[in-house]
Amino acid sequence: MRFRAFWRLLALVPFAVALAPAGTALGAPAELGVRHRIDVMISAEPDAPILSRLKGAKAELAFTVRLSANSKESKFFGMLRPSFPDIVVPDDPGKPLVQQTKLWEEDVCHQRRGLPKVTVTQLSGHFAEGEARVEISAINRHIGLLVPPDELTPGIKLDPGSDSFGVFYAFRAQTRNSRLNVDLKIYPIDCFL
C-alpha cells in the first residue's frame, strides 16, 4: 500500500513542476522601470554685471539644449529651444532670473539605462532697452574655431539632491563673461514596465 502511494506521489511531481513556472509568472511583480523629467532654472552669479547695473530691467533669454534619451521603449534625440521673454532682473542677487520650469518629460516607462545626455549649446538674449541694452550671445567651444567672446561651459556637475518633485541630478552651463547659469535638473521617476 505504501509502495503504491509513493508511486502516485512521484507521478504528480512532473505535473507540479510543469505548473510552477506558470503560477510564478502570473503572481510575479511588475519590473521596475524609469522615466525622466528635466527642469531648468536660469540665474546670475552674485558678481554678474547685469545684477549690479540693470536691476529691475526687462530681459529676454533663449537657449538651445541637445537632448539624447534613447532606450528600447523610447527614443528621443533632438534640440530643445525654450525661450523666456518676460524676465525682470531681480533686486536680490540670490533670486533666479527664471524660476524652475519643466523643460521635457518622457511619456513612456522604460528600462533603466542611465541618465539622458543633455548639453546646453548656446544662450542668447538681451537685457534692458535703448542705450542701456546689453546683448548676450554665448556658445560652447568647437574644434577648429576661435574661442567665443562669451564662452558657454556646459556639463558642470552639481551635487545631487531632492526637492518636492523627488531625487534629482543637476548640471550647470555657465557663461564666462556675462556670468549667467543655466541649471538642468534630471529627475528619474520610478514606474512599472
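Some ground rules to start. The model is predicted, so to speak of local features I need pLDDT of at least 70, side-chain atom pairs count only at pLDDT 80 or more, and totals for chains, interfaces and linings use all residues. Residues are numbered from 1 along each chain as its sequence is written, and side-chain values use heavy atoms, with hydrogens and water left out.

First, the layout. The chain has 2 helices and 11 strands. Helices (H or I, at least four residues) and strands (E, at least two) are DSSP runs, numbered from the N terminus. Read from the N terminus, the order is α-β-α-β-β-β-β-β-β-β-β-β-β. Of the 193 residues in the chain, 37% are buried. Buried means under 20% relative accessible area, exposed over 50%, and partly exposed in between, with a 1.4 Å probe and protein chains only.

Next, the disulfide. How many disulfides does a search of the whole structure find? The search gives 1, where a disulfide is a pair of cysteine sulfur atoms within 2.5 Å. The partners are Cys109 and Cys191, with S to S at 2.0 Å. Cys109 sits in the loop between strand S5 (98–105) and S6, and Cys191 sits in strand S11, so the bond ties together parts 82 residues apart in sequence. The torsion about the S-S bond of Cys109 and Cys191 is about 95 degrees, so this disulfide is right-handed. Both Cys109 and Cys191 are buried.

Now the aromatic rings. The count is 4 aromatic pairs. The rule takes rings of Phe, Tyr and Trp (its six-membered ring) and pairs them if their centres lie within 6.5 Å; planes under 30 degrees apart count as stacked, over 60 as edge-to-face and the rest as tilted.

One of these pairs is Phe63 with Phe84, which is stacked, at 6.2 Å centre to centre and 15 degrees between the planes. Phe63 belongs to strand S2 (residues 58–70) and Phe84 to strand S4 (residues 83–88), so far as the chain goes 21 residues apart, and the pair links distant parts. Phe63 is buried, at a relative accessible area of 1%. Phe84 is also buried, at 15%.

Another pair is Phe76 with Trp104, which is tilted: 5.4 Å centre to centre, with 45 degrees between the planes. Phe76 is in strand S3 (residues 75–80) and Trp104 in strand S5, so this contact ties together parts 28 residues apart in sequence. Here Phe76 is partly exposed because its relative accessibility is 26%, while Trp104 is buried, with a relative accessible area of 12%.

Ring pairs also join Phe165, Phe168 and Tyr187 into a cluster. Over the ring of Phe168 is the charged end of Lys185, 4.3 Å from the centre. The test is that NZ of Lys or CZ of Arg is within 6 Å of the ring centre and within 35 degrees of the ring normal.

A search of the whole structure finds 1 cavity of 30 Å³ or more, and the volume of the largest cavity is about 50 Å³. On a 1 Å grid over the protein atoms alone, a cavity is a set of points where a 1.4 Å probe fits but cannot get out, and lining residues have an atom within 4 Å of a point. Grid points are joined across faces, edges and corners, and a volume is the space filled by probe spheres set on the points. The lining includes Val118, Pro154, Phe171, Arg172 and Leu184. S6, strand S8 (152–157) and S10 each supply at least two lining residues.

Last, the backbone. Ala128 has a positive phi of about 65 degrees although it is not a glycine. Ala128 lies in the loop between strand S6 (117–127) and strand S7 (134–139), and it counts as buried at 10% relative accessibility. Arg179, also not a glycine, has a positive phi of about 60 degrees. Its place is the loop between strand S10 (166–175) and strand S11 (180–192), and at 23% relative accessibility Arg179 counts as partly exposed.

Technical notes
On a 1 Å grid over the protein atoms alone, a cavity is a set of points where a 1.4 Å probe fits but cannot get out, and a pocket is an open set with protein on both sides within 12 Å along at least five of seven lines; lining residues have an atom within 4 Å of a point.
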